[in-house]
Amino acid sequence: MEKLLYFAYGSNMNLDQMAFRCPDAEVVGVVRVDDYRLTFCGNGSAGVATILPQVGSHVDGVLWRISQEDEKSLDFYEGYPRLYGKEPLEVIDNNGQKITAMVYTMNSPYKESPAPPAPRYMSGIMDGCCQNEINPVPMLQEAKRLQKEYEVRLSQLKTHKKKASRDDR
């Protein structure tokens, strides 16, 4: 059975979730991708993780060895090819070795719609960070930043609606 290397940076870092979704998957180790940043996007009020190019940034995650059946399961879970696409990406292990792995990256127009993650989704990611000894702070900071942006947009919408209803009188 042919195996594929897969880089996970969001909920698929969670060992329990991956054991359920991808029973053949094996952790290879913690890796990093340079010149990308992690964020949360989607088409509603709750975002899901994606990575976007950004020079000077990096994203830590888990490198998995998965079977073709695992990949099919992930394709379904990730909403491939509508929500996420797949591409090869160079990751770097703790020894500085460069490895090419498959990664899911969010497609347009979803990646242009930043949205804070739901608490339960974020909890699964945090568990994955703890299980793999990955620093969760950058993810928490991004989620908090997006939550603040969302609250500001919501406040502006409410103000705009109140003004519009007064103007209608």
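Two aromatic pairs turn up in the structure, where rings of Phe, Tyr and Trp (its six-membered ring) count as paired if their centres lie within 6.5 Å, with planes under 30 degrees apart called stacked, over 60 edge-to-face and the rest tilted. This is a predicted model, so a pLDDT of at least 70 is needed for local features and 80 or more for side-chain atom pairs, while totals for chains, interfaces and linings use all residues. Numbering runs from 1 along each chain as its sequence is written, and side-chain values rest on heavy atoms, with hydrogens and water left out.

A pair of aromatic rings is described by the distance of the centres and the angle of the planes. For Tyr6 and Tyr104, the ring centres sit 5.7 Å apart and the planes meet at 75°, so this pair is edge-to-face. Tyr6 belongs to strand β1 and Tyr104 to strand β5, so the contact ties together parts that are 98 residues apart in sequence. Helices (H or I, at least four residues) and strands (E, at least two) are DSSP runs, numbered from the N terminus. Both partners are tucked away: Tyr6 counts as buried at 3% relative accessibility, and Tyr104 is buried with a relative accessible area of 1%. Here buried means under 20% relative accessible area, exposed over 50%, and partly exposed in between (1.4 Å probe, protein chains only). The other pair is Phe7 with Tyr9, whose ring centres are 6.1 Å apart with planes at 45°, so this one is tilted. Phe7 and Tyr9 are buried too.

Zooming out, the protein chain has four helices and five strands, laid out along the sequence as β-α-β-β-α-β-β-α-α. Its C-alpha atoms fill a box of roughly 70 × 30 × 25 Å along the principal axes. Of the 169 residues in the chain, 40% are buried.

Back to strand β5 (residues 98-106): seven of its nine residues are buried, so the strand is largely enclosed by the rest of the structure. Its partner is strand β4 (residues 84-92), and the two run antiparallel over nine bridges; strands are taken to pair if DSSP finds at least two bridges between them.

Next come the pockets. On a 1 Å grid over the protein atoms alone, a pocket is an open set of points where a 1.4 Å probe fits, with protein on both sides within 12 Å along at least five of seven lines, and lining residues have an atom within 4 Å of a point. Grid points are joined across faces, edges and corners, and the volume is the space filled by probe spheres set on the points. The largest pocket comes to about 270 Å³. Its lining includes Arg37, Gln54, His58, Asp60, Asn135 and Glu142. The elements that give two or more residues to this lining are β2 (26-41), β3 (48-67) and α4 (137-168), with β3 giving the most, at five residues. By type, the lining splits into five nonpolar, four polar and three charged residues; Ala, Val, Leu, Ile, Met, Phe, Trp, Tyr, Cys and Pro count as nonpolar, Asp, Glu, Lys and Arg as charged, and the others, Gly among them, as polar.

The second largest pocket has a volume of about 180 Å³. It is lined by 14 residues, of which Ser11, Tyr77, Glu78, Tyr84 and Tyr121 are the closest to its centre. Two or more residues each come from β1 (3-8), β3 and α2 (68-78). Ten residues of this lining are nonpolar, three polar and one charged.

As for cysteines, a search of the whole structure finds zero disulfides, a disulfide being a pair of cysteine sulfur atoms within 2.5 Å. For Cys22, the nearest cysteine sulfur is that of Cys129, 18 Å away. Cys22 is buried, with a relative accessible area of 2%. For Cys130, the nearest cysteine sulfur is also that of Cys129, at 6.9 Å, and Cys130 is exposed, with a relative accessible area of 62%.

Lastly, Asp35 is found in strand β2 and counts as partly exposed at 38% relative accessibility. Its C-alpha atom is 21 Å from that of Trp64, 29 residues away along the chain.
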